[in-house]
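Hi,

Here is the structure I promised to pass on to you. Have a look at it first, and then read my notes below.

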Number of protein chains: 4
Amino acid sequence: MADKMKAAIFIEPGRIVLGEKPMPQIGPNDALIRITTTTICGTDIHILKGEYPVEKGLTIGHEPVGVIEKLGRNVVGYTEGQRVIAGAICPSGHSNACLDGLHSQDGPGTAHGLKPMGGWRFGNTIDGAQAEYLLVPDAMANLAAVPDGLTDTQVLMCPDIMSTGFAGAEAANIRIGDTVAVFAQGPIGLCATAGARLRGATTIIAVDSVPERLAMAKRLGADAVVNFKEVDAVEAIMELTNGRGVDAAIEALGLQQTFASCLEVLKPGGTLSSLGVYSSDLTIPLAAFHAGLGDNKIVTSLCPGGKERMRRLMNVIAAERLDLGPLVTHHYGLDRIEEAYELFANQRDGVLKVAITT
Amino acid sequence: MADKMKAAIFIEPGRIVLGEKPMPQIGPNDALIRITTTTICGTDIHILKGEYPVEKGLTIGHEPVGVIEKLGRNVVGYTEGQRVIAGAICPSGHSNACLDGLHSQDGPGTAHGLKPMGGWRFGNTIDGAQAEYLLVPDAMANLAAVPDGLTDTQVLMCPDIMSTGFAGAEAANIRIGDTVAVFAQGPIGLCATAGARLRGATTIIAVDSVPERLAMAKRLGADAVVNFKEVDAVEAIMELTNGRGVDAAIEALGLQQTFASCLEVLKPGGTLSSLGVYSSDLTIPLAAFHAGLGDNKIVTSLCPGGKERMRRLMNVIAAERLDLGPLVTHHYGLDRIEEAYELFANQRDGVLKVAITT
Amino acid sequence: MADKMKAAIFIEPGRIVLGEKPMPQIGPNDALIRITTTTICGTDIHILKGEYPVEKGLTIGHEPVGVIEKLGRNVVGYTEGQRVIAGAICPSGHSNACLDGLHSQDGPGTAHGLKPMGGWRFGNTIDGAQAEYLLVPDAMANLAAVPDGLTDTQVLMCPDIMSTGFAGAEAANIRIGDTVAVFAQGPIGLCATAGARLRGATTIIAVDSVPERLAMAKRLGADAVVNFKEVDAVEAIMELTNGRGVDAAIEALGLQQTFASCLEVLKPGGTLSSLGVYSSDLTIPLAAFHAGLGDNKIVTSLCPGGKERMRRLMNVIAAERLDLGPLVTHHYGLDRIEEAYELFANQRDGVLKVAITT
Amino acid sequence: MADKMKAAIFIEPGRIVLGEKPMPQIGPNDALIRITTTTICGTDIHILKGEYPVEKGLTIGHEPVGVIEKLGRNVVGYTEGQRVIAGAICPSGHSNACLDGLHSQDGPGTAHGLKPMGGWRFGNTIDGAQAEYLLVPDAMANLAAVPDGLTDTQVLMCPDIMSTGFAGAEAANIRIGDTVAVFAQGPIGLCATAGARLRGATTIIAVDSVPERLAMAKRLGADAVVNFKEVDAVEAIMELTNGRGVDAAIEALGLQQTFASCLEVLKPGGTLSSLGVYSSDLTIPLAAFHAGLGDNKIVTSLCPGGKERMRRLMNVIAAERLDLGPLVTHHYGLDRIEEAYELFANQRDGVLKVAITT
């Protein structure tokens, strides 16, 4: 094993470059993974643009697919050479939040593990997955074996996009026969649409303005699509539901307008499930909120991680409930990751997700 | 039985007067109640001030304690002369919302029963309880017998204040050992404080600025009180929780500031349970909302009604878990209800709740 | 309208015959339905055999599809001539159980509405659906309009089989990625299999001994099938789950052996969801119950009814999530219902369900 | 630190003796605790009698209160000399079960962590707490600091009895106003009674035959007590509930008769929450089970552990919601633990719990 490895490093706002880093030193509870495939997330673009702050010199990326290169002394239940993934969120397993079942809100450095997003470590507080090798902390809580027969591309969405999108549907408390609207059909919104279908919603309305995304939404489970550039989305949804409104609305973009639209189409007693990462204060419109008397819920979800979540999501793929392969529209080698960033940051060429292989 | 009865009638904004009305005509599913005690709610003051619109000529009031005068032809299971209460919210039992378990969001005039607050009829869409007699629709769903040994005053809070306040604690999903902050200690906030205690919270922090209300909060279950005129409430709560924040925060006032403070003291994964009736758009502060990544919930509750809810709440009183008698600070006869409105609207003389007897 | 109508009448154990009955008298909250299609349930066979007692002279049947002939004076929101269904369970909407959200356990004749199966009235405590006309009590709580474009056959399973089978999956608290075993693939078991799929289970194992039923199970959602005449079902399931056991096991037969097998394949923390109607005491095997230390749940469900449930189930059909048409293997006119009973009681000719049309 | 320590060792069925053991060797994730107080559990008596098998030579005991003597190299967030407790159940935090929120059903030696009771390690699969020192595995998941001002005796029930008893109330899904029966008022049943009160039950009926236990039940929260030696418990409860039955029944003994009685007093839709450790197959009576049609639930709970649970339980004590001190009826030094076993095994002298101090 070499001393050095290639990695996509955050230099300063505007610059993520492919550079060299020393090979990670492995501790007793860690595992070292040789990355075979990873991807770039919208959050990485926020980092690139300086909108989400991380330390200079950090390796970016939180969606690892790879092979176990080396296991820490305490790590049992795995073998070197095994194909694995780890979730974008890496719970320690031993924080108060984890012991309380709130694994995403783990926080390694705090007494009570309650720092928001504390569980998000890769490419945020520790070196990430856009590299030749990745150190996975608390490996026994986080490494999930890839079932035989599944390709890297098939499981590439599990660590983040699929887990997050599904969480939006799960938190919406969907029941069989529900009507659900999903605002925005980027990769996460598409997974929320697919998740709503898997939970038993029977009228799923997908909203976006890009025809290809709306077409993909139909392919992944939407019953109806609304192009907000062509019609007023709220009006269209109220019409589709005969004025009844939706049981659940999923926000998958992170903007005031989609957040407000979710509330406007929600029936009394309905749930707004929010997945967006917002960048400014939000306004709740009084009427759509029924002045606080509508028995409504607003719930937010951070991507669930940990090996059990990954096991379940890979089961969904293995059982052929869902094929997220079509979300991967572009492939690059790690050597060309800067090009991939350029493409993805500018959303050129109809890109949905980019696979980075090493 | 006379042809006419006395009733507190909404004339126009600024004027609720004691007048005369014809005795109600009873339908097959109705019951006629002779009111023995009722009260004035903060919502009635909104009506008085013209802030919440109702039709001119409507009898106000939604908190009935009384005696069955007459039963509709289809109504079985009750006897004339029986002491009963009915909830402020009168579900029909047969709307789609009711069949879905969402009884408060019933709506008698709509196909799907989903008009917000549809279940609130007394003193809103039909004549109310501040009168000598009250017609209770869907009587079999709404009349609850008062257990022997309980006085009118003891059960007077059940129809609205206690049901609403408890709902705030119930919707907060409190677990044994939780820390809960309750913002505002008016009658509803005090009941939320008591409800949090009944659900097993072990650190209950009550916030208000009126020393008598904070003292009452301690009496009804608060472990600590914070006077927001003396200290910064958010800072005080963070200090009381060692920086951990609260598992649940209950908003019981209906203002932007208390709503925002709830979010600011909430731990990741925590729940804001909102009871306030707001009068303008609300702002969600980005940082307190963790940009949407905190696994937080915001839930709103309308007062649960129906005879089963009333039965349970009267059980709480009968079992001596809680004595809400001290909330009734003033008594008036129906004849002097205009004076009572004047006192209550101006919150004079340390008033919490006023009992109106006939 | 004639004075008399044809109806399948329980005469005595062993005899259900087509006879004549007076047309029902309609009360203010009732509706009279002209039955267009109905079916025979396994429960009707229990009645036929005298295993479940009903009064002599009762019209049998609890799965009505029809047209509104006449509405009671108080019934609004419907029109005569409208196509409707009603659930097998007819909640009143106004019992304590209903107000508590427990609509199936309604009981019209008891103070608190808690008699088990109290909500099951058609063909049990009042005249049923195997007739030319059916009186639906509490019509506003129970009549659900059939969406345009759906045939009688398509919605015929909604009142009972589909509602019950789905309830088994819903009560099992299935999550995305779960492994579920369904014991017995009669009509209810098949609907449980389909329901498990709709809730997001990704490994669904269907157990039966009839090859046609196992084939139908695969068509409706099973990932794997186990023929218990060919292999030991428990062993086969443990092998299919790599010794892990299932997250949920659904009992859809009503026998000791299937009940015990459910426990034997259940993982610690897993749920046994029971749909069977048992006819003798049950034994819980100590080891499979982990001596009471396995954090397991055993839940039973009675068919959910009411118009909102029916609306949701018809949505499932309309959205093409599921086609239960193939469950209807035989058709008879009401005139030949005695033949239909003979066929169904003896489970001849591969019968799954029989449509009875008038 | 000495090389050897005293410990209560299982020699063979019938013999637990105070002997000597080498001091434990501490691994990187472990902590060594100097025990200051511990106790004997009913389960230990099962071990003593050979009814529950453990390896010969094992140190018994699973209820540690002590002081941190030494921390493993990886353990942060604690200091040597700190007063701590650990739960009877020691989840690893990193099994699939733990990552799924099912911490009690952890299993250190299995791939999926699903062996029932896998989380119970002290005095079961590893050396226990009835010794001078205790090695706590996965210390960061399990050590909980004792709040200042709480004595050993005050927190001695937290590791097992209080956690288990409360779990019975929590799993019963109690709501405000519920009626709950608790069968058997030994230490766990008493804690279930207290737990039912903390969750908001308003009619709590405690069943036992020992007057002192019934008196203690009243002190800890029961509204009514039933002495099953004096009256038929089922009849008495049906009378106390006016024939309605209870919303939840908690089994805290582990016998067929109490299990069946729970079902017999349960209303349709009610929950049997089972805490007992059974020693033979159980029978479910058909009628009490409503033939499977009563929408009933049977749930079992294993003592929840982990540091967050312990933190919450100690909060309950610190907040003075409950004083379990009176459950400790006897005190012995570790040197005299054999006497303590003799007393406790024979339930002499009105013993409830014995404190063992070192």
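In chain B, B:T37 stands opposite B:T357 in strand 16. That residue sits where strand 3 of chain B (residues 31–39) and strand 16 (residues 353–357) are joined by three bridges and run antiparallel. Strands here are DSSP E runs of at least two residues and helices are H or I runs of at least four, numbered from the N terminus; two strands count as paired if DSSP finds at least two bridges between them. B:T37 also stands opposite B:V65 in strand 4 of chain B, and strand 3 pairs with strand 4 (residues 65–71) in the antiparallel sense over six bridges. Strand 6 of chain B (residues 133–136) pairs with strand 3 too, antiparallel over four bridges, with B:L135 as the bridge partner of B:L32. Seven of the nine residues of strand 3 of chain B are buried. By "buried" I mean that 20 or more other C-beta atoms lie within 10 Å of the residue's own, whereas 12 or fewer makes a residue exposed and anything in between partly exposed, with C-beta atoms placed from the backbone.

Before going further, please keep in mind that this is a predicted model: local features need pLDDT of at least 70, side-chain atom pairs count only at pLDDT 80 or more, and totals for chains, interfaces and linings use all residues. Residues are numbered from 1 along each chain as its sequence is written, and chains are lettered from A, and ligands numbered from 1, in the order in which they are written.

Now to the contact between chains C and D. Each side is counted in residues: 39 from chain C and 39 from chain D, where contact means C-beta atoms, placed from the backbone, within 7 Å. On chain C, strand 12 (266–274), strand 13 (282–284) and strand 14 (297–300) each supply at least two residues of the side that touches chain D. That side has 18 nonpolar, 16 polar and five charged residues; Ala, Val, Leu, Ile, Met, Phe, Trp, Tyr, Cys and Pro count as nonpolar, Asp, Glu, Lys and Arg as charged, and the others, Gly among them, as polar. Strand 13 of chain C and strand 13 of chain D run antiparallel and are joined by three bridges, and C:I284 has D:L282 as its bridge partner.

Within chain D, strand 12 and strand 14 run parallel and are joined by four bridges, with D:S274 opposite D:T300.

Strand 8 of chain C has five of its five residues buried. C:T179, C:A181 and C:F183 point one way from the strand, while C:V180 and C:V182 point the other way. Strand 8 pairs with strand 9 of chain C in the parallel sense over five bridges, and C:T179 stands opposite C:T203.

Last, helix 10 of chain D (residues 307–318). Ten of its twelve residues are buried, so helix 10 is largely enclosed by the rest of the structure. Its cover includes helix 2 (96–99) of chain A, along with helix 5 (158–171) of chain D among other elements. Just after the helix, D:E320 takes a positive phi of about 60°.

Best wishes

Methods. Contact = placed C-beta atoms within 7 Å.
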